[in-house]
Amino acid sequence: MPPLTADSNKEGFWGEATATIDWCEENYAVSSFLAEFWNTISNWLFLLPTLFGAWLSWKTKLERRYTLTFISLFVVGIGSLCFHATLLYEMQLLDELPMIYCTCIMIFCICQCSYHPRQHNTTLLLVLIFCCSMITLVYLTITNPLVFQWAYGILVAALVVVALISCRKHRGSWKLLTISLVSYATGFIFWNIDNNFCSSVRLQRNQFPVPMRPFLQLHAVWHTLAAIGSYYHILFSIDLRLRCLGRSPALKLYRDWLPFVYSKDALSNGVLPTVAQKAAIFLLLFGLILKLLK
């Protein structure tokens, strides 16, 4: 855990920190309302893309477990935002426990990829529910962050193994899986540097000009890369499922900014906005701007 300093003990709007772990960003250094400003706002990538992902998975009629996966990742972002904003123990649980649940949902989606529609691996589902329940019970009893970190680490390792096996077995998208793994692994390296060398990180960060210092908030960098890696893992999982169903997946940009995996039939049904629709949206916005300027 990063060392606690006078700065990190400073109280703000949320009072004394009650969480069992404090990170390397100086507390209430930017705002008296956010304990860790940069660690808080860096969660936006867990929120906005996942909301659109949940909506697109519902609109393209993907199986509901993929909508649930996006929603669970959104909940992780909300929990992380609340935790870093307050450094309260209750918010810490809201951050960490959903990470366990979200990872288990991801494992289920990968293992379920080759099953027929409406056919489920009930045994795996019960095992994962049992794991979630036991980890929650143990962690609430033994309030040591290492309990969560080891449990989460084992689950992520299991997810990586089943993803690699399934990708090879079902000829999944190595491109999507590689983006996911490299992004997440790079973020994990930054997490470890921030966690284990906090004093050196703070010293080096404070030697940079003020506008450059946010880029050396390594836990915020971890949030960014972990969010990208997690989002691309869900895309990989969707792509793998569509391949197993023989539905010809294609990676496209939704409204020219958000990558998403569509099936061939979804594209033929006009899920993506057409040129005419984009032109209509542009003209509407342009007209509104002109009206406001008058």
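So, what pLDDT does the protein average, and what share of the residues score at least 70? The average is 90, and 87% of the residues reach at least 70. For anyone new to it, pLDDT is the predictor's confidence in each residue, from 0 to 100.

Residues are numbered from 1 along each chain as its sequence is written, and side-chain values use heavy atoms, with hydrogens and water left out.

One stretch to flag: residues 1-8 have pLDDT below 50, and beyond near neighbours in sequence they make 22 contacts in the model (a contact is heavy atoms within 4.5 Å). Where pLDDT is low, the predicted coordinates should not be read in detail.

Now, the cysteines. There's 1 disulfide in the structure, counted as a pair of cysteine sulfur atoms within 2.5 Å. Cys24 is joined to Cys198, with S to S at 2.2 Å. That pair ties together distant parts of the chain, 174 residues apart: Cys24 sits in the segment before helix 1 (37-41), and Cys198 is in helix 8 (residues 198-206). By helix I mean a DSSP run of H or I, at least four residues, and a strand is a run of E, at least two, numbered from the N terminus. The S-S torsion of Cys24 and Cys198 is about 100°, so this disulfide is right-handed.

Are its two ends buried or exposed? Cys24 is buried at 0% relative accessibility, and Cys198 is buried at 2%. The cut-offs: buried is under 20% relative accessible area, exposed over 50%, partly exposed in between, using a 1.4 Å probe and protein chains only.

What about Cys244? Its sulfur is 4.1 Å from the closest cysteine sulfur, in Cys113, so that's too far for a bond. Cys244 is partly exposed, at 30%.

Last, the UniProt record, an unreviewed entry, annotates "transmembrane region" over several spans, including 122-142 and 148-167. UniProt positions are in the numbering used here, feature names are shortened, and annotations may be inferred rather than shown by experiment. Residues 122-142 are 95% helix and 0% strand, with end C-alpha atoms 30 Å apart. Residues 148-167 are 100% helix and 0% strand, with ends 28 Å apart by C-alpha.

Methods: Predicted model: local features only at pLDDT ≥ 70, side-chain atom pairs only at ≥ 80, totals over all residues.
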